[in-house]
Amino acid sequence: MERAVNHDAMSAVGYTTPWSAKAGQQVSLSLSCDRPIKSTRICQIDKPATEFLDWPIQAAGEPQHRLFDHGSFLRVPAGELAKVQSVHGIHFELFLTRNCGERTIVEAGILRLCVRDGVFVLKTADQISSTDEKVPSGVWLAVELDLRHERLCLCIRSLDLLAPYEIHERLGSPVRDLQGDGIYFGVCASRNEPTLNAKFAAIRLDTPQGTIAWNFPPLLSTEPMWSSGGTDPLVLDVINQPTFCMTSTRWDGSSFDPRLVPSHYDAIHCHDDDIGPLRWPVSHRVTVPDNARPGVYAFQIEWDGGFERVVFFVTSSRALARLLYLVPTATYLAYADEYLPTHLYPWKCDDRGHRFAIANNLKSLYDYHSDLSGVSICSYKKPKVTVRDDYNYPLCGCPHNLPVDLHFLRFCHEHGIAFDVVTDHDLHECGIDGLRGYQAVITGSHPEYMSVEMEQALRQFASEGGSIAYLGGNGFAGTVAFKDDLMELRRSPLEAGRTWDGPVAEQSLSITNEPGGYLRSRGRGEFSLIGGAISLMGLEGARPFTRTEESYEEECAWLFEDVENQTFGSEGIVLGAAAGYEVDATDPALGTSPDTVVVARATGFPDSFFRIRRAGTKAGIRNVPAVGALK
């Protein structure tokens with residue numbers, strides 16, 4: 001369902017393609033705005049003072065007020081149906097979730113099957129028929145529309161033996177053909193109502209040329225899907241990024257791995273608030289100059305009385321410094337556009353990005369769809385309105401993610417510490433080759449998510465003698481997968497916090513079909529890589545660190561040159577001190593190496609902090625130490 005961007009909270013929003021670029025590459029800006037743009041400039045925002053650059057910007061089109069298209073659905077286009085003489089039967093499997101109002105299940109020509117007020121409604125041009133029995137949700141149903149007897153017959157029956165349901169409806173007036181101007185699943189052809197929240201599987205069309213079938217693969221498809229059967233394959237369009245690799249009625253609990261039983265994962269889940277990669281026209285283009293330094297940049301969009309910045313990254317083509325800064329773009333993207341409705345979360349500060357997300361029904365990978373399933377896939381080709389240098393997180397009233405990382409990068413610039421830049425997305429693509437030539441890799445403040453390929457590259461870098469300076473908390477924890485501009489995250493039921501829990505059966509990533517959830521559940525991740533993992537979380541009362549006796553040993557003492565006090569870090573931009581929000585601890589039972597040396601601890605956290613579950617445990621405790629560790 002298309003809707004104009006609501007610009008009440010932000011007058012200009014946009015995204016760049018690509019999100020990160022090297023010298024010589026072109027960066028395109030796609031923009032939506034509700035007022036005349038006065039000027040557009042490039043600035044570097046990781047310097048102590050924002051530096052405006054004279055990079056030539058090419059105007060590619062007039063910025064305009066754009067649209068969001070909410071809701072995913074399926075469509076067999078009219079042009080494809082022209083390849084067959086007629087369609088006299090439609091069959092599919094349906095798993096309804098949470099819907100309100102009237103929602104279309106299937107529309108074909110003059111025929112429309114809906115769910116309304118908890119019952120099925122069958123409509124044609126001159127007839128409406130509704131069922132008396134309530135529609136079961138959370139149950140797989142077989143739906144059949146049959147024209148073989150010159151009267152349309154609707155049959156819906158449950159595929160769950162413990163939840164019996166069966167209806168038969170027959171229309172009195174004839175329906176000659178189910179072909180029409182296309183066949184739509186989960187939406188009406190006019191697109192003037194919200195799409196259906198439901199899973200679909202096993203779509204079949206009966207034609208004079210034979211039965212045409214579509215079975216959804218467990219691996220994510222970003223291309224139109226070709227049918228099997230019949231004399232001519234037909235295309236099924238998959239619109240607006242529904243979720244692949246969903247369990248169907250064939251899943252029997254014998255395996256949780258779609259690579260072993262792909263037929264058990266042949267369903268897709270459509271949501272009325274899905275948003276795929278946007279295709280807004282390009283408004284501006286810039287080519288990154290050959291002499292551009294790696295760093296964090298932005299298009300600054302200016303109008304009378306204000307401006308907004310759309311962030312992008314310039315990364316390194318070759319090693320120019322000994323230190324490489326790893327920008328946690330996977331974490332940025334997972335949090336981007338977080339909904340945080342005020343009726344669920346008490347805000348400690350206001351942020352226009354979250355107000356924009358709420359006004360435009362945008363979701364992050366921390367949010368729920370309207371049917372209460374978790375949001376698991378997103379694209380960087382969308383406005384990321386919380387990825388800003390002036391962003392403050394409403395739950396703690398402090399900078400979060402990008403602005404915290406900018407604080408460190410500005411410190412490096414101010415003190416003459418040279419660094420190169422690589423993003424999570426780049427590291428996933430280039431692997432160990434993107435790290436070789438550097439003495440050390442430095443992380444951001446919150447490198448929470450990474451792909452297996454990223455983690456393997458860091459392991460190999462360390463094994464080849466490189467150093468990893470982990471300068472954050474809650475890092476190297478959650479598994480993600482990348483495909484082009486898409487990133488996917490499947491959460492485990494054992495994860496804790498204010499996030500959705502995915503069912504164990506649907507934890508596998510549709511991009512790779514590998515397990516999602518925590519990396520440490522596969523013997524990888526934070527404990528075995530850097531020695532610690534998140535232990536406590538709280539949104540107030542950060543604490544300083546106090547040195548341990550081991551920190552005074554010769555091998556560690558160099559770390560504390562010019563540090564005069566035993567306790568340090570009593571000030572900070574996040575919650576007022578060095579250790580807070582999400583804090584880590586070592587745990588030998590979960591993989592911390594025995595040669596790890598703890599050089600400082602933070603204790604005395606407020607009672608409002610809670611302990612993060614690990615390996616299926618949950619307890620409320622206080623004063624678990626956050627640690628600084630040397631390995």
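## Cysteines

Let's start with Cys33, which is buried (under 20% relative accessible area with a 1.4 Å probe, protein chains only), its own value being 5%. The model is predicted: local features need pLDDT of at least 70, side-chain atom pairs count only at pLDDT 80 or more, and totals for chains, interfaces and linings use all residues. Residues are numbered from 1 along each chain as its sequence is written, and side-chain values use heavy atoms, with hydrogens and water left out.

With a disulfide taken as a pair of cysteine sulfur atoms within 2.5 Å, the count is zero. Cys33 is in none, as the nearest cysteine sulfur, that of Cys43, is 17 Å away. Cys270 is buried too, at a relative accessible area of 0%. Its closest cysteine sulfur belongs to Cys188 and lies 14 Å away, so the two are too far apart for a bond.

## Aromatic rings

Rings of Phe, Tyr and Trp (its six-membered ring) pair if their centres lie within 6.5 Å; planes under 30 degrees apart are stacked, over 60 edge-to-face, and the rest tilted. You will find 25 such pairs here. One of them is edge-to-face: Phe216 and Phe244, 6.5 Å centre to centre with 85° between the planes. Both of these residues, Phe216 and Phe244, are buried.

Tyr335, Tyr366, Tyr391, Tyr393, Tyr449 and Tyr581 make up one aromatic cluster.

## Charges over rings

Here a charge counts when NZ of Lys or CZ of Arg is within 6 Å of the ring centre and within 35 degrees of the ring normal. Lys384 lies over the face of Trp19, 4.9 Å from the ring centre. Over the ring of Phe560 sits the charged end of Arg547, 3.9 Å from the centre.

How values were computed
Buried means under 20% relative accessible area, exposed over 50%, partly exposed in between (1.4 Å probe, protein chains only).
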